[in-house]
Amino acid sequence: MGEVEKLCEDQTQANVRCWKWSFPNLKSRHQLGRRAKKMAFNVAEIKEKGKFEGRVGYVPASSMASLILATRASEKLESRNSLKKEVILSLMDPKVSKVGIYGWGGVGKTTLVKDIAKHVKDEKLFDVVAMATISETLDVEKVQDEIAYQLGFHLNENTTIGRADRLCARIKTEKNILIILDDLWEKIDLDKLGIPFEQDVKGGKSSLTSQHSDISQKNETYQGCKLLLTSRRLDILHENEIQKGFHLETVNDTESWSLFEDRVGDTIKDGELKEIATQVVERCAGLPFMIVSIAKRLKYQKDIRYWKDALSNLKGDGNGDVLHRPFFSYCEFTYEQLKDDEMKNVFLLCGAYGPSMSVNDLLKYVIGLGVLKQNGTIEDARNRLHRIIHDLRTSCLLLEDDASETDAIKMHDLVREVALSIARKKNVFVLKRNDDRMQEYWSSKGFLETCTQVVLKPCYIQELPQKLDCPTLKFFLLHYTDTCTMEIPDNFFEGMRNLEALDLRGLIMSSLPRSLVFLTKLKTLCLDQCTLKHMAGIGALINLEILSFFDSYMEEFPREIGQLTHIKILDLSNSRINFIPPNILSKLTKIEELYMGNASMKWEEESSTEENKCASLAELVCLTSLTTLEIQIREAWILSDMMLNKLERYKVIIGDKWEWSSNKTTSRLLKLKLQTSIRLEHGIKALIKRVEDLYLDEVNGISDVLFDLNGEGFPVLKHLHIQNNGQVQHIINTMERNNKTYLGLFPELETLILHNLNYLVKICHGPLPLNSFGKLTVVKVKSCDQLEYLYSILMVKALSQLSEIQVSNCNSMKRIVLIENVESDITTDDKIEFHSLRSLTLCHLPLIHDFCSNEYTSCMTTTPLFNGTKLRIAEASSTYSHLL
């Protein structure tokens with residue numbers, strides 16, 4: 001730089017003239033030019049040597065590796081690799097700036113984000129990656145120093161704002177940067193840390209740091225800061241406003257064994273050790289940290305007694321020096337961090353009951369025990385319970401629900417052991433499997449006097465004591481897995497006068513014990529899967545709110561139940577009751593939920609002149625608080641005068657050929673086999689208006705399904721099944737109703753099944769409004785002999801989500817898609833695409849020639865029409881060869 005400045009300042013040499021004339025001295029200028037050119041080369045060379053790939057300071061390689069280098073524990077876990085890909089795709093989405101990962105402590109969140117950090121650096125997806133651990137107590141300066149260190153500089157400022165400003169300014173010098181904040185326990189103030197994020201930049205927000213920073217040169221290429229956050233709880237990630245969240249679950253059995261085998265080495269090649277090792281791995285709950293730590297302790301141990309001792313410790317209850325104590329500590333800590341006593345009590349109830357239970361059972365218990373603080377309706381209690389279950393799942397204390405088992409609550413075995421360990425400290429007794437010391441427990445007076453809950457499930461006790469003195473007992477549960485003939489002693493409940501919830505399952509009883517009359521505080525009584533002959537005395541339970549006879553048999557429905565005027569839930573589902581005496585149901589005026597689905601009982605005709613021997617459905621009109629009804633009856637006229645428009649949840653099945661539906665994904669179901677005109681059934685039409693799952697069989701008076709049943713377009717219907725109808729011509733006919741504006745027809749419909757509709761000409765006739773059929777995934781059509789095609793081109797544009805098509809025995813069908821000669825916005829640039837289609841079944845269609853009309857084939861996309869579709873074609877003409 002000194003030589004360059006000297007050359008530029010040498011004005012004398014630069015201004016030398018050529019003797020007498022005014023033009024420059026060419027020789028002198030030439031020499032000066034050569035010197036300048038040579039110097040320019042030298043400067044360029046030095047500048048090239050001075051390039052350090054974007055920054056001058058470097059963190060030592062070993063230090064950086066310790067921060068973001070992935071451990072090899074994740075390299076062989078395919079489940080982690082697939083989740084890693086999903087997270088990286090989200091991070092690369094320009095619309096996403098915050099991504100979160102949550103899961104149990106020890107499940108491998110830190111390992112996964114380190115692996116992600118290494119991958120995005122290696123692939124140059126981000127210019128810079130920095131990672132900091134937050135921990136339970138946030139140390140702002142420590143987090144700032146960790147990030148600054150990885151960016152190659154030190155923060156020397158003395159004030160919080162000064163440090164945040166400096167860090168923010170440094171981050172903004174990078175074009176794109178990923179910052180990982182690991183192990184969040186609360187909402188983090190990014191401004192306080194000095195971390196800008198993409199939304200601030202693109203949304204034009206002015207953060208605290210940007211207001212105080214003095215950046216002389218703004219980096220115009222800065223694209224924003226992406227954040228990857230981890231936490232043990234999903235609700236913490238939501239508080240930090242993530243846009244996408246991913247649940248890191250435990251590893252499966254195969255991956256658990258692979259990880260353990262990799263870490264423990266050749267030690268387990270011994271056959272006897274391998275058998276014990278298998279059990280050890282099972283007890284590690286799919287947690288990589290437990291698998292790895294235990295493998296390290298056992299790796300060099302070949303003495304089988306050492307392994308047996310380790311297995312014995314793993315089978316402990318969490319007390320003492322057991323190998324999985326860290327996991328128990330985590331679960332206990334998570335339990336203590338739950339927001340309120342409601343959540344804690346629900347968690348302990350789930351643990352006491354077993355690894356799996358239904359939401360309906362849990363609801364009956366929490367209402368009886370007064371677990372929920374609010375005093376509202378049953379529906380209010382159900383909504384609150386679902387919120388609590390969701391929060392327990394996001395805290396990883398309950399397993400995520402399976403889509404096919406929406407009513408199931410599941411808990412991991414090890415988590416349940418933690419719940420039981422905590423519950424025992426609160427005087428909850430849960431019978432362990434194969435524990436044969438019940439007589440010892442019964443005789444322990446001090447033990448019984450302090451018990452608050454007793455759960456005997458599964459129970460194999462053949463004889464109960466004459467009386468149990470349990471003055472503090474609130475909940476007693478006795479479940480037999482196989483039906484057991486058991487006479488409960490008459491005085492058995494006399495010492496349980498504070499009992500609030502009682503559940504007896506799988507018993508054959510000739511009569512109820514006389515001591516039941518002492519249970520005046522009882523609010524929940526469940527006698528499910530029982531055979532009950534005489535039920536005298538049940539009328540004494542004057543405060544009863546929940547009464548359940550699910551899957552039970554009764555010779556006679558007790559008249560005394562009419563005295564239980566506080567009942568809010570009566571469950572007779574799947575029960576075998578010949579009849580209910582008259583004037584009993586009508587007295588239960590506070591009842592909110594009545595379940596009588598799949599129950600074999602007779603109903604009296606309203607017009608009968610004989611003295612009624614059984615109840616009539618007209619009695620249900622007296623139940624003004626009723627919001628939930630599940631019922632199955634033979635004739636539709638019985639419901640014609642009922643007030644059904646107040647029902648929020650219902651399953652109503654009319655007809656003698658329907659099977660009771662087990663669909664739990666919908667809350668409003670209606671199955672009709674009327675053999676009469678639906679126009680006369682005003683009560684039924686009130687149900688159709690809000691139905692989610694609708695089945696119609698031999699229902700007359702319908703030619704246009706949409707406008708004859710629901711002129712509003714079925715806004716909430718998810719499943720539609722129509723069969724055996726000789727009048728239906730269209731599912732939708734908009735040709736004569738163009739003067740009416742619709743936001744969308746069948747916007748939520750997922751499944752459409754049409755069977756034996758002899759006069760069905762078209763599924764849709766006329767143009768469709770936007771947002772029609774937007775969620776339809778399954779279409780099944782069978783024996784519709786007038787149907788010549790399945791869809792028109794006007795309808796195809798609304799069927800982008802179709803995954804399954806089945807068409808069979810339609811003798812007039814010529815093609816699946818028809819191009820109609822109508823004036824529309826369809827052009828030759830439009831494409832028929834079924835990218836979501838995974839199953840196409842065409843059977844017994846003698847006239848079909850091609851999938852769509854030939855003149856439209858030139859408009860098809862060059863992408864394969866059926867990409868990855870499973871195709872089945874059978875029993876048809878050879879013209880099927882032209883379909884694809």
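**Strand pairings and helix packing in a predicted model**

I'll start with a pair of strands: strand 2 and strand 3, residues 177-184, run parallel and are joined by six bridges. Within that pairing, Met131 has Ile180 of strand 3 as its bridge partner. Before going on, please keep in mind that this is a predicted model.

The two strands belong to an open sheet of five, ordered 2-3-4-1-5, with parallel pairing. Strand 2, residues 128-133, and strand 5, residues 244-247, are the edges; each has a single partner strand, so one side of each has no neighbour in the sheet. On average, neighbouring strands here are turned by 15° against each other, direction ignored.

Next, what lies across this sheet. Helix 7, residues 140-150, lies across strand 2 and strand 3, and runs at about 155° to strand 2. Helix 7 also packs with helix 8, residues 160-171, at an angle of about 25° and with the axes 11 Å apart. An angle under 35 degrees counts as roughly parallel, and that is therefore the description for helix 7 against helix 8. The crossing of these two is left-handed. Which residues of helix 7 and helix 8 meet? From helix 7 there are Glu141, Gln144, Asp145, Ile147 and Ala148, and from helix 8 Thr160, Arg163, Ala164 and Leu167. By type, the contact of helix 7 with helix 8 divides into four nonpolar, two polar and three charged residues.

On the helix 15 side we have Met290, Ile294, Arg297 and Leu298, which meet Tyr306, Trp307, Ala310 and Leu314 of helix 16. That contact comprises seven nonpolar residues, no polar ones and one charged.

The other pair is helix 18, residues 341-353, with helix 19, residues 359-368. Here the axes come within 11 Å and cross at roughly 125°. Are helix 18 and helix 19 parallel or oblique to each other? They are oblique, and the crossing is right-handed. Helix 18 contributes Val346, Leu349, Cys350 and Tyr353 to the contact, while helix 19 contributes Asp361, Leu362, Tyr365 and Val366.

A word on aromatic residues. How many aromatic pairs does the structure hold? There are ten. One of them is Trp257 with Phe260: the ring centres are 6.1 Å apart and the planes stand at 35°, so the pair is tilted. Trp257 and Phe260 are three residues apart in helix 13, residues 253-264, so about one helical turn separates them.

Strand 25, residues 751-757, runs parallel to strand 27, residues 778-782, and five bridges join them. In that pairing Ile753 stands opposite Lys780 of strand 27. Strand 27 in turn pairs with strand 29, residues 804-808, again in the parallel sense and over five bridges. There Lys780 stands opposite Gln806 of strand 29.

Technical notes: Residues numbered from 1 in each chain as written. Predicted model: local features only at pLDDT ≥ 70, side-chain atom pairs only at ≥ 80, totals over all residues. Heavy atoms only, no water. Pairing = 2+ DSSP bridges. Helix = DSSP H or I, 4+ residues; strand = E, 2+ residues; numbered from the N terminus. Axes fitted to C-alpha atoms, helices over the stretch in contact; angles between N-to-C directions. Contact = heavy atoms within 4.5 Å. Parallel < 35°, antiparallel > 145°, perpendicular 65-115°, else oblique. Left-handed = near helix turned anticlockwise from the far one by under 90°. Phe/Tyr/Trp six-rings, centres within 6.5 Å; stacked < 30°, edge-to-face > 60°. Nonpolar A, V, L, I, M, F, W, Y, C, P; charged D, E, K, R; others polar.
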